[in-house]
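Here is a short briefing on one protein model. Please look over the fold first, then read the points by topic.

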Amino acid sequence: MNQLTIQDLAIAVNMIDTAVERGAFKGNEIYNVGQLREKLASVVIEAQRAQEEANQPPVTAETFNAAGE
């Protein structure tokens, strides 16, 4: 079974943006499309933040003091 990835969601956000720019939706559809776009984008952003945090080394007393804090 195929799984949906964060990259897939990011592609979907970009596709929505492109479709809107090209006028693919009627005026009465834009609100719902926009809501879906914002939901997808928020999932992508949160996943990116979590990945960035996971890639950061843990802050220890030594690294905190070495940074001059």
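This is a predicted model: local features need pLDDT of at least 70, side-chain atom pairs count only at pLDDT 80 or more; totals for chains, interfaces and linings use all residues.

Residues are numbered from 1 along each chain as its sequence is written, and side-chain values use heavy atoms, with hydrogens and water left out.

**Overall make-up**

- The protein has three helices and zero strands; helices (H or I, at least four residues) and strands (E, at least two) are DSSP runs, numbered from the N terminus.
- Along the sequence the pattern reads α-α-α.
- Of the 69 residues, 12% are buried; buried means under 20% relative accessible area, exposed over 50%, and partly exposed in between (1.4 Å probe, protein chains only).

**Helix H2**

- H2 covers residues 27–55.
- Its 29 residues should span 42 Å at 1.5 Å a residue, and the end C-alpha atoms of H2 are 42 Å apart, which agrees. The expected span is 1.5 Å times one less than the number of residues.
- Val33, Leu40, Ala41 and Val44 are the buried residues in H2. Their cover includes H1.

**H1 against H2**

- Two packed helices are described by the angle between their axes and the distance between the axes.
- H1 and H2 pack at about 145°, with axes 9 Å apart. Axes are lines fitted to C-alpha atoms, for helices over the stretch in contact, and angles run from 0 to 180 degrees between N-to-C directions.
- Contact means heavy atoms within 4.5 Å.
- Ile16 touches Phe25, Val33, Leu36, Arg37 and Leu40, not counting residues up to four places away in sequence.

**Nonpolar core**

- The largest nonpolar core has seven residues: Leu9, Val13, Ile16, Val33, Leu40, Ala41 and Val44. H1 (6–21) and H2 are the elements that give two or more residues to this core. H2 supplies the largest share, four residues.
- Such a core is a set of buried Ala, Val, Leu, Ile, Met, Phe, Trp, Tyr and Cys residues joined through side-chain atoms within 4.5 Å.

**Lys39**

- Lys39 lies in H2. Lys39 counts as exposed because its relative accessibility is 58%.
- Lys39 and Val13 are 26 residues apart in sequence and 9.4 Å apart in space, C-alpha to C-alpha.
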